[in-house]
Amino acid sequence: MTQDGTPTAQPPHDLEAEKTVLRAMLRSTEAIADVVELLHYDDFYRHAHGRIYQAVLEVYARDEDPDPRSVADQLAKHEELADVGGDVYLQRLAGEPAARDSWVTAASTVQGMAVLRRMMVAAAGIDDLTADVTADTVDRLIDTAEAEIFAATSRSRSRIPQSHPLADVLESALDEIEAIGSHPGETAGIPTGFRDLDALTGGLYPGQLIVIAGRPTAGTSTLTLNLLRSAAIKHNLPAALFALESRRTDITLRLLAAEARVALHHMRSGSMTDDDWTRLAKRMPEVSGAPLYLQDDPYATFTELRAHCRRLHRQHGLQLIAVDDVQLLNYSNRPLGSRYQEVSEIARSLKHLAKELQIPVIAVSTLNRGPEQRTDKLPVLSDLRDSGALEDNADLVILIHREDMYEKESPRAGEAELIVAKHRYGPTATLTVAHQGHYGRFVDMALT
């Protein structure tokens, strides 16, 4: 009650839906398998219901039947049985049967109510932030507000950083080692499409920032499209390309040329042969069905691009994002003082985005003229343009070198070196691949 006697409005909730979910889980492991995909323990409005839900999952994880008795024992072990209403409440919860459709519908209702509550909290927090906003802090406020709304509507349940005991993390780390070891020869992360690169890195992992860099015309955009093709077309993993310079139609033509092995200049000159059309037709079904999203709208600021990434991730479950390229981005509408400082902020923010969405993010960058001033023309990490923060924040840096860019009669014409100059979790190396420029792609040497 408020001071004037008016009843205090309660946050959105549906206790009957919560009871329906728990009742089904106490009676059916089939219900648990359905519900666990939708709910987290803190989606429940009543704390006791959230604790019962957690106890059911703890019993289920031991391959035991989570009936009222075993769940009561689990709660008693943590001295929480009395807090949730005791054996009597658990028996009453399990007392009525639930139809299959009812627990899925009820779980969706519980989740919806939880989202509404989190949105109300986020809105209140955003409202507080606007009290001190100034013209100089508008962009930062927009970014914070976007992050709060994303957190409120996603399955990530808390903006409060959690500390994790080493013992708990160790168990999950050992599980990951065991899972990788049980499938020898398979790539653990997202496959890159290059045998040697996958062997070196294990693929692309969630939370990684991957920087692909080279001098103009070296093939940075081509290599990036290679990685996206591998993810979306070869492995059906949702991926997105934010192209800040190329048109989506141009990107699609390059993609089709690479996939169908049709010379790009045949497409652009209108000189397609019957054989070209045949190869193109064979690849069209697989290409058209790939979950690859192309975005070629110009972005005024990184804040706008990040907001779009979050929305696409929420809508399509993206597994990989690529930004081509970071030198064309501004961090905000207001200059930060220098281009070095601006690219530094973009680099840090891209790494943060990768960790927030728990997917790998590829950043394409242009190298400075350093390679051209050296006899061997080989690029190095210090050639990254505008900011050392790209190197600092990257987990993986791949520099592209092609000898035939500098020597037209080079004996290594048609070859390219992928120089893994930084690898946070493994060795560095220089890998040789074939550059098929007429098809707009790189491929393993064995496939040429």
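Start by selecting Asp168, Glu171, Asp175 and Glu178, which form a surface patch of negative charge (patch residues have over 30% relative accessible area and no salt bridge, with like charges joined within 9 Å; Asp and Glu count as negative, and a charge is placed at CG of Asp or CD of Glu). This is a predicted model, where local features need pLDDT of at least 70 and side-chain atom pairs count only at pLDDT 80 or more, while totals for chains, interfaces and linings use all residues. Residues are numbered from 1 along each chain, and side-chain values use heavy atoms, without hydrogens and water.

Within that selection, aspartate 175 sits in helix 8, residues 166-181 (helices are DSSP runs of H or I, at least four residues, and strands are E runs of at least two, numbered from the N terminus). Aspartate 175 is partly exposed at 44% relative accessible area (buried is under 20%, exposed over 50%, partly exposed in between, with a 1.4 Å probe and protein chains only).

Next, pick arginine 215 and glutamate 372, a salt bridge with its closest N and O atoms 3.0 Å apart (a Lys or Arg side-chain nitrogen within 4 Å of an Asp or Glu carboxyl oxygen). Arginine 215 is in the loop between strand 1 and helix 10, and glutamate 372 in the loop between strand 5 and helix 16, so the pair ties together parts 157 residues apart in sequence. Arginine 215 is buried at 12%, whereas glutamate 372 is partly exposed at 31%.

Then move to helix 15, where arginine 339 and glutamate 342 are about one helical turn apart. Their side chains meet in a salt bridge at 3.3 Å, N to O.

Terms used: Patches are made of residues with over 30% relative accessible area and no salt bridge: like charges are joined within 9 Å, nonpolar side chains (Val, Leu, Ile, Met, Phe, Trp, Tyr) within 5 Å. Accessible areas come from the Shrake-Rupley method with a 1.4 Å probe; for residues, only the protein chains shown count as cover.
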